[in-house]
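Work through the exercises below with the sequence and the model at hand. Each task is followed by a stepwise solution.

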Amino acid sequence: MLVVDDLHASIGGTEILHGLSLEIGDGEIHAVMGPNGSGKSTLAHVLAGRDPYQVTAGRVLYDGADLLAMTPEERAAAGVFLGFQHPVEIPGVPTMYFLRTALNALRRARHHEELGPVEFLALVDAKRRLVDMDRSLLDRAVNDGFSGGERKRNEILQMLVLEPRLAVLDETDSGLDIDALRVVAAGVRSLRAPHRSAVVITHHRRLLDHLVPDQVHVLAGGRIVRSGGADLAAELEAHGYAGVHEPGAEPHPVSTATAR
Amino acid sequence: MTATSRSVPARTPPSGTAGAVAVDAPDRPWEPRWLNVARRRAAAWVEAHGFPTVKHEDWRYTKIDAALAVPLAAPPQGAVGDVDTLALADLPTPPLGGVRVVVVNGRVAAGLSSTGGALAPGMRVEPLADALHKSQGSLEQAWGWHADGYAHALRALNDAATLDGVLIELAAGALVEDPIEIVYASVPAPGAGWSHPRVVVVAGAGARATLVETYLSGPSGSSVTNAVTQVHLGQGAELEHCVLQGAGMDSFCFSSLEARLARGSRLSSRLLATGGRVGRHEVDVVLADEGAELSLDGLFLTGAGQHHDNPVLVDHAAPSCTSRQLYKGVVSGDGHGVFNGHIVVRPGADGTDAAQVNKNLLLSDRAEVDTRPRLEINADEVACSHGAAVGQLDPDALFYLRSRGVSEGEARAVLVSGFAREVLDRFGRGSIRGRAEELAMAAGLLALGEDGHGDDAVTAGLARARPGGR
């Protein structure tokens, strides 16, 4: 589904990603872990098409298409979703309206009928129960006055409503208590399907215990320095990142992607 | 402090304005003597002071030269027959359900007006021209508000030259449920000059009503409206007031709200300004006795070729009064918005609670906003705050929406609507809100976000149709 090939990206003239390569097959969940400043969020933003990040070399293929040539909204229409580490407040725009505008924009782009208010309400009501989100939050402006946990639930709710083919979750688990973490994990699991994939960027192993990723990658110094199975997360927790990026360490070869 | 003994207005009168102005104030034998005297006095004031220029503090950003090319007043007598071009279908729909008075080119058009069923007990609504034939104590008082002098010539000109308008009197305790609606329409007519409609609202103790004023004009022809609405609220009276300014893009729309609030009375006034080549809505409120409350909200959507000026003077003349102001501007193209808010707390007005906020959104690099919040405090133990902000659309919020699949154009429109919503919400939830939203849409509110590249506003439909949003 996704092939990241020798990606170099910078912001403000500083290169953050130095030749990152990654392949994700259909139906897979990949975790990307790594210390602060390793380029995890840069990877997420580059995949979503955030403006100030500049790709200086490399390519990203999404279902064989050049993802980097697409606008953010085109990427969303193609099924890419970014769960924000710091979800943005939008005063004056009710969450419900935001969600419906987004969903209908995607449906228009895919030549589907727009959903009317009644159908939409029913859809959202079912999804918000999954993330245990209070109905009243949906009438409030997007993330305006939301707690950290409420914002993250809102991200997951958006993901469930928009049903992306590739979800990129940027530290969605940071700052969450155990209950909220379970909700996030349940949300991601509920989308699991042979045609959907996810990249879960995280600092901690806890979310991965709930998700059981197909692969875990260690990102350090702007490249993937090691890849392994779910047990790599446990190993990292026990020994830290120190052991995986000693000088001269070669990145482990990325395991073969599932054929599309 | 009573209305007539009000001290010299805080606005400074104009000086050094160019050119002699001759204002025609012919005697009108059918009007009471006091009115003839007052009209002559007002005309003389205009001749003595001239029209405001940009040297005048409160007119610094608003040029009226082009408006002065239009004759200042229509002949005092004449039929409304020349405005047959206006039909009921041209008026805003649906009617708001109460009394509706339609004022065309400054004169009440009886055929287009209606009482909307039985009048509420204690309410009297009368065309001003009729009321002026009689000697009305309340009108004599209204003309006396500026016996000491005017803030500027346009205000004086209305005193001198108004032909018609509406007198609304609410007896003590009168409760008027349905909104009283006044529609001002300017239509092209031979010899049409400036129109000076005048509305006087006198509410007795404890009376309650809603007044909605809508300004419209035909799509072509330059018209000038110079309207004054005077509101006198008795003890504990409450008025909900809405102004919807949707005048044509070639017109000048000068309007003014003057209010005097007695003890414990409450005025909520909201403005939505979308129309006019030049729109200037002036608010001048005196909180004249203890416990009076004022709430002012304004939203101006100023597009290419437009200029909206919002001078506000809130005069805390008595202790323990409250005032709240929230003005928002959305300026696109080469539009120019102005907020000029002045709060005065008079000596002795202890316990004043006054707040003023002005926020503006600039949608193109040619758009301009001037915001001048001013506080003048001459009392102790007051809580006064003011703040002003001018900004652009939040790029993070824009990206957030786009990352969810919303095109750049639509994302901009969503953010602009969100910005405007806070003020639109103050228009309530019923038919008045509907009217306000319709006007905002017609002004391209949803499409205004599209203006980031200096293009003229396009319709929401076009915004959606734009491929890729770039």
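**Exercise 1.** How are helix 6 of chain A and helix 7 of chain A oriented to each other: roughly parallel or roughly antiparallel?

*Solution.* This is a predicted model, in which local features need pLDDT of at least 70, side-chain atom pairs count only at pLDDT 80 or more, and totals for chains, interfaces and linings use all residues. Residues are numbered from 1 along each chain as written, chains are lettered from A and ligands numbered from 1 in the order written, and side-chain values use heavy atoms, without hydrogens and water.

Step 1. The axes of helix 6 (residues 148-162) and helix 7 (residues 178-190) of chain A come within 10 Å and cross at roughly 15°. Axes are lines fitted to C-alpha atoms, for helices over the stretch in contact, with angles from 0 to 180 degrees between N-to-C directions. Helices (H or I, at least four residues) and strands (E, at least two) are DSSP runs numbered from the N terminus.

Step 2. The two helices of chain A are therefore roughly parallel (angles under 35 degrees).

**Exercise 2.** Which residues in helix 6 of chain A meet helix 7 of chain A?

*Solution.* Arg153(A), Ile156(A), Met159(A) and Leu160(A) do, contact meaning heavy atoms within 4.5 Å.

**Exercise 3.** Which strands are the edge strands of the open sheet in chain B?

*Solution.* Step 1. The sheet of 10 strands has the order 2-1-5-7-9-11-13-15-17-20, with mixed pairing; two strands pair if DSSP finds at least two bridges between them.

Step 2. Strand 2 (107-108) and strand 20 (383-391) of chain B each pair on one side only, and are the edges.

**Exercise 4.** In which sense do strand 7 and strand 9 of chain B pair?

*Solution.* Strand 7 (residues 208-217) and strand 9 (residues 238-246) of chain B pair in the parallel sense over nine bridges. Thr210(B) has Glu240(B) in strand 9 as its bridge partner.

Key:
Parallel < 35°, antiparallel > 145°, perpendicular 65-115°, else oblique.
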